[in-house]
Amino acid sequence: MSKESEPAGELPEYAERVLDVAEGIPRGRVMTYGDVAEWLEEGGPRQVGRVMALYGGAVPWWRVVRADGQLLPGSELRALDHYREEGTPLREASRAADGHLPRLDMKRARWDGQAGTEAHK
């Protein structure tokens, strides 16, 4: 479907699905772009990243992340504030790390999308 054929103000169906997943990620947990695509059984990491870049501002965007745990370039400090407030597991940065910013501890922070963990927006 081309942009011209979409009603004004209406999200593409795939974008709505991606944003629904982002909203369901519990506080203090994250999913990678690839995890979201796999969960939806559609698209890939780049498509999810594009949706988040275009439409993610109204959802907890900081919970959809890069697989390597690096903080989103350009939004590192805002994301870090959210991670600290939510208790998201972080790994302290080495002195050699760019900007000395921590990374997400993906082993502990990654959420598999399974029920049993109550989601909080």
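## Chatting through a predicted model

Reader: Let's start with E16: what's its relative accessible area?

Author: E16 has a relative accessible area of 37%, so it counts as partly exposed. On that scale, buried means under 20% relative accessible area, exposed means over 50%, and partly exposed is in between, using a 1.4 Å probe and protein chains only.

Reader: Before we go on, what kind of model is this?

Author: This is a predicted model, where local features need pLDDT of at least 70 and side-chain atom pairs count only at pLDDT 80 or more, while totals for chains, interfaces and linings use all residues. Residues are numbered from 1 along each chain as its sequence is written, and side-chain values use heavy atoms, with hydrogens and water left out.

Reader: Got it. Where does E16 sit?

Author: E16 is in helix α1.

Reader: Okay, helix α2 next. Which residues are buried there?

Author: Helix α2 covers residues 33-40, and its buried residues are Y33, D35, V36, A37 and L40. What covers them includes α1 (13-24), β1 (31-32), α3 (45-55) and β2 (64-65).

Reader: Is E41 buried or exposed?

Author: E41 counts as exposed because its relative accessibility is 75%.

Reader: Switching topic: how many aromatic pairs are there?

Author: A search of the whole structure finds one. It is formed by W61 and W62, edge-to-face, with 5.6 Å centre to centre and 85 degrees between the planes. The rule is that rings of Phe, Tyr and Trp (its six-membered ring) pair if their centres lie within 6.5 Å; planes under 30 degrees apart count as stacked, over 60 as edge-to-face and the rest as tilted.

Reader: And are those two tryptophans buried or exposed?

Author: W61 counts as buried because its relative accessibility is 13%. W62 is buried too, at 12%.

Reader: What else do they touch? I'm curious about A79.

Author: Leaving aside neighbours within four places in sequence, A79 is in contact with W61 and W62, where contact means heavy atoms within 4.5 Å. A79 is in helix α4 and is buried, at 1% relative accessibility. A79 and W61 are 18 residues apart in sequence and 8.5 Å apart in space, C-alpha to C-alpha.

Reader: How many cavities are there of 30 Å³ or more?

Author: The structure holds one of that size, and the largest cavity has a volume of about 70 Å³. On a 1 Å grid over the protein atoms alone, a cavity is a set of points where a 1.4 Å probe fits but cannot get out, and lining residues have an atom within 4 Å of a point. Grid points are joined across faces, edges and corners, and a volume is the space filled by probe spheres set on the points.

Reader: Which residues line the largest cavity?

Author: Its lining includes Y33, W61, W62, V65, A79 and Y83. β2 and α4 (76-86) each supply at least two residues of that lining.

Reader: Last one: V65. Where is it, and what does it contact?

Author: V65 is in strand β2 and is buried, at 4% relative accessibility. Leaving aside neighbours within four places in sequence, V65 is in contact with V30, M31, T32, Y33, Y83, L104 and M106.

Conventions. Helix = DSSP H or I, 4+ residues; strand = E, 2+ residues; numbered from the N terminus. 1 Å grid on protein atoms, 1.4 Å probe; cavity = no way out; pocket = protein on both sides within 12 Å on 5 of 7 lines; lining within 4 Å.
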